[in-house]
Amino acid sequence: MRILVTNDDGILSTGITTLARRLSSLGQVTVVAPDRERSAVGHALTLHSPLRADEIRPGFIAVDGTPTDCVHLGIHGLLDTRPDLVVSGINKGGNLGDDITYSGTVSAALEATLMGVPAFAVSLVGESFREEDFAGAADFAARLAAVVAKNKFPPDTFFNVNVPAGVQRGVRMTKQGKRIYEDIVTEKKDPRGRKYYWIGGGELGFHDTEGTDFHAVHAGYISITPLHLDLTNYRSFQTLSGWGLENIQTEKFEEGTE
Ligand code: MN
C-alpha cells in the first residue's frame, strides 16, 4: 500500500512524524506537507504563485503551500505512482462540528476524495499534547487505515476522525455537531494607538447532542464522522419551494422564457 501523509501543522510537527512512522508498518509512506503551520486555511489552493517542493529528508517533502496544494501536488506530480490512501494529521487540536469548514487537516482529506483517492483526517483533542497521545492516535489511524484498505468507501465519502487524548472508552460513528460561536473577536489597540482585532482564542461552547462528534469525544470515545462532498441541503427543498425562487425575473431573461 502506498500512503500519502499530509497535515496543516507543518512537516516538522510531532503529529505528522508520529503518524508517518506508525503508518510505515502498513506500506510505503511519503509525507508531502506544508513547510510551516497552515492551520485554518481551509480548502485553499494556490493558483497565483509558484510552489516549491523540497525533500528535506528521505520520504519527507516540504511544500511552501497549503495542505490542499500538498495533496494536489502529491497525487499529480511528486509521487511516482498514485497513492492508495491519503491520511491527514495528526492535527494538534480537535476538528469537530462546524469547525471543519476552516480546517486545513480535513480539507486535505477532502481534496484527496475529490481526486478519487480514499482518505481520512485524524485530530487529537485535548488540553495537553503528550507524545504518547500522538502515538496512541497514530496507532488507531494505522488500524483504521487497514480497515479502509479492505473496504470501499461509498462515493465521495471520507472520514473525519477525532481522538481524545488519554485513555479512550471505545469508538463511535458520529454525525457532525454544532458549535456555539460567540464573543470570538477581541478588539485591542497596538502600541501606536491603532485598533487591531484578534479572532478566537477563548474556549467555545458546543451543543452536547447525543450522536455527535462533540458528544462522543467529550465522553471519551474516538469519533469517526463520515463526510461527503455534496453540501446540498436536501431537506431544505420543501421549505424553500414556497419562496418562488424560480420565478425571480431579471431584465436579461430572454423574451418568452420562464
Ligand atoms: Mn492544525
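User: How much space lies in the second largest pocket?

Analyst: A pocket is an open set of points on a 1 Å grid over the protein atoms alone, with protein on both sides within 12 Å along at least five of seven lines. Its volume is the space filled by probe spheres set on those points, joined across faces, edges and corners. Here that comes to about 760 Å³. Keep in mind that this is a predicted model, where local features need pLDDT of at least 70 and side-chain atom pairs pLDDT 80 or more, while totals for chains, interfaces and linings use all residues. Residues are numbered from 1 along each chain as its sequence is written, and side-chain values use heavy atoms, without hydrogens or water.

User: Which residues lie nearest the centre of the second largest pocket?

Analyst: Look for I100, Q176, L227, H228 and L231. They belong to a lining (residues with an atom within 4 Å of a point) of 23 residues. Helices (H or I, at least four residues) and strands (E, at least two) are DSSP runs, numbered from the N terminus. By type, this lining splits into 9 nonpolar, 9 polar and 5 charged residues.

User: And what about the largest pocket, how much space lies there?

Analyst: About 1,200 Å³. Of its 33 lining residues, G93, G94, D99, R179 and L204 come closest to the centre. Strand 5 (85-92) and helix 5 (213-218) both give at least two residues to the lining, with helix 5 giving the most, 3 residues. The lining of the largest pocket holds 13 nonpolar, 12 polar and 8 charged residues.

User: Which residues coordinate the manganese ion?

Analyst: To read a metal site, look for donors (N, O and S atoms within 2.8 Å of the metal, or 3.2 Å for Na, K and Ca); with no water among the atoms, a site may look incomplete. Here the manganese ion has D8 (OD), D9 (OD), S39 (OG) and N91 (OD1), at 2.1 to 2.3 Å. Their spacing in sequence is D-D-x29-S-x51-N. D9 sits in the loop between strand 1 (2-6) and helix 1 (14-23), and S39 in the loop between strand 2 (28-34) and strand 3 (53-57), so this pair ties together parts 30 residues apart in sequence. D9 is buried at 13% relative accessible area, whereas S39 is partly exposed at 30%.

User: Strand 2 again! What does T30 touch?

Analyst: A contact means heavy atoms within 4.5 Å. T30 lies in strand 2 and is buried, at 14%. Leaving out residues up to four places away in sequence, T30 touches I3, L4, V5, G59, I61 and L79. For the whole chain, 77% of the contacts between residues at least 6 apart in sequence join residues at least 24 apart.

Conventions:
Buried means under 20% relative accessible area, exposed over 50%, partly exposed in between (1.4 Å probe, protein chains only). On a 1 Å grid over the protein atoms alone, a cavity is a set of points where a 1.4 Å probe fits but cannot get out, and a pocket is an open set with protein on both sides within 12 Å along at least five of seven lines; lining residues have an atom within 4 Å of a point. Ala, Val, Leu, Ile, Met, Phe, Trp, Tyr, Cys and Pro count as nonpolar, Asp, Glu, Lys and Arg as charged, and the others, Gly among them, as polar.
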